[in-house]
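I'll jot down what I look up as I go.

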Amino acid sequence: MSLLFIGIGAGALFVLITWIGPFLVRSAAPVLMRAPRLAVFGLLSVPLMWWAVVAALSLLAASLFKGPDVLPVPLAEVCQQCLIAASPFPGLAQVDTLIPVILFLIFPLGLSLVSIAWGLSQRVRRRRANSSAARRLQRNSAVTDIDGQTLNVLDQQTPFAFSLPRKYGGVIVSQALCASLEKNELAAVLEHERAHVEGGHHRIMAVVDTFVRPLSFIPLFAEVTASIPLYLEITADNRARRTAGTPALASALLKIGQPTDISDHLSGPYALNIAGPDRIRQLVSPAAMASGVLPVIALASVLAAFVTVFSSVFYSYASVIASGCVMP
């Protein structure tokens, strides 16, 4: 095996998942919607492992390339020996480059630090937005007992329902929604929103908004960002169907219609809204599973390949560090 073949193989894998991945995600929908919770975690794993493999390949490059020394000579020699010892391909000859090897080591560390800093800043931003939404809701809503649960009911003439994280208010509905729905329809809507709150769906969307959505210029990341909210809605729909029945939920969705600007204004950007496209067809006449089997197998194979590359590279480095190869 040569460095050329390694590079071609890694490049082909990234082209496959980056440009063909969105097609696979869309084609796999007939199967994924049958197991929406598993679909959410599987789809979220693909872009996160994509980044992990980028970091792993950077470490691999550090062991395969030899560039000008930036560190003092004794440190550089020890560092180079450790890299060679940690390489998953110890038999390969190193390639001379003009790029200092230290850059390949700094890249994954820098990527991790930037990701952590970005995640913390987004967490603060979300907490502020949710707190602001909660204050608005307290001013404009009345606390009412509905279906055995204490809820915030907004004095609005448009039927809508959404949920925030539990500590920021949980399930919120409008008076118009309560007035327009039959009892079993309202029970379906409330169970749907409780599924979001109790299932931790807001935390999942926080991960998507922090680590996947900012890279939506990459086709794979854009498709995963668009797909996960739909599967979270299907997950909540399944719980509502078990409680109130499919006819009640489908009828409620017809009456609610599409998301409104009113609910967006009141709830802020981080609420989960029951209204959404094309869900009634999924409820009453889901697509046949056969067409989605091969795309699911392809996605699972790509994810397995990512896990294999990541674990093999980092296992090599962890083994060398554990055996005592440290800087003097």
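Which residue does Leu 154 stand opposite in β6? I looked it up: Leu 154 faces Ser 174 there.

Ground rules before going on. I'm working with a predicted model, where local features need pLDDT of at least 70, side-chain atom pairs count only at pLDDT 80 or more, and totals for chains, interfaces and linings use all residues. Residues are numbered from 1 along each chain as its sequence is written, and side-chain values use heavy atoms, with hydrogens and water left out.

**Strands.** I checked the pairing of β4 (residues 149-154) next. Strands here are DSSP runs of E, at least two residues, and helices are runs of H or I, at least four residues, both numbered from the N terminus. Two strands pair if DSSP finds at least two bridges between them. β4 runs antiparallel to β3 (residues 141-146), with 6 bridges joining them. I found Gln 149 as the bridge partner of Ile 146. The hairpin has 2 residues between the strands, and Asp 147 takes a positive phi near 55° in it. With β6 (residues 171-174), β4 pairs in the parallel sense over 3 bridges.

I compared each span with the expected one, 1.5 Å times one less than the number of residues. Helix α7 (residues 183-198) reaches 22 Å from first C-alpha to last, close to the expected 22 Å for its 16 residues. Buried means under 20% relative accessible area, exposed over 50%, partly exposed in between (1.4 Å probe, protein chains only). After α7 comes Gly 200, with a positive phi near 70°.

Helix α8 (residues 201-212) has 12 residues and reaches 15 Å, close to the 16 Å expected. I see 9 of those 12 buried, so α8 is largely enclosed too. Among the buried ones are His 201, His 202 and Asp 209.

**Annotated spans.** UniProt (unreviewed entry) puts "transmembrane region" at residues 6-26, 38-65, 98-120 and 289-318; such annotations may be inferred rather than shown by experiment. I checked residues 289-318: the span is 97% helix and 0% strand, with end C-alpha atoms 42 Å apart.

**Leu 48.** Leu 48 lies in helix α3 (residues 36-64). It has 36% relative accessibility, so it counts as partly exposed.
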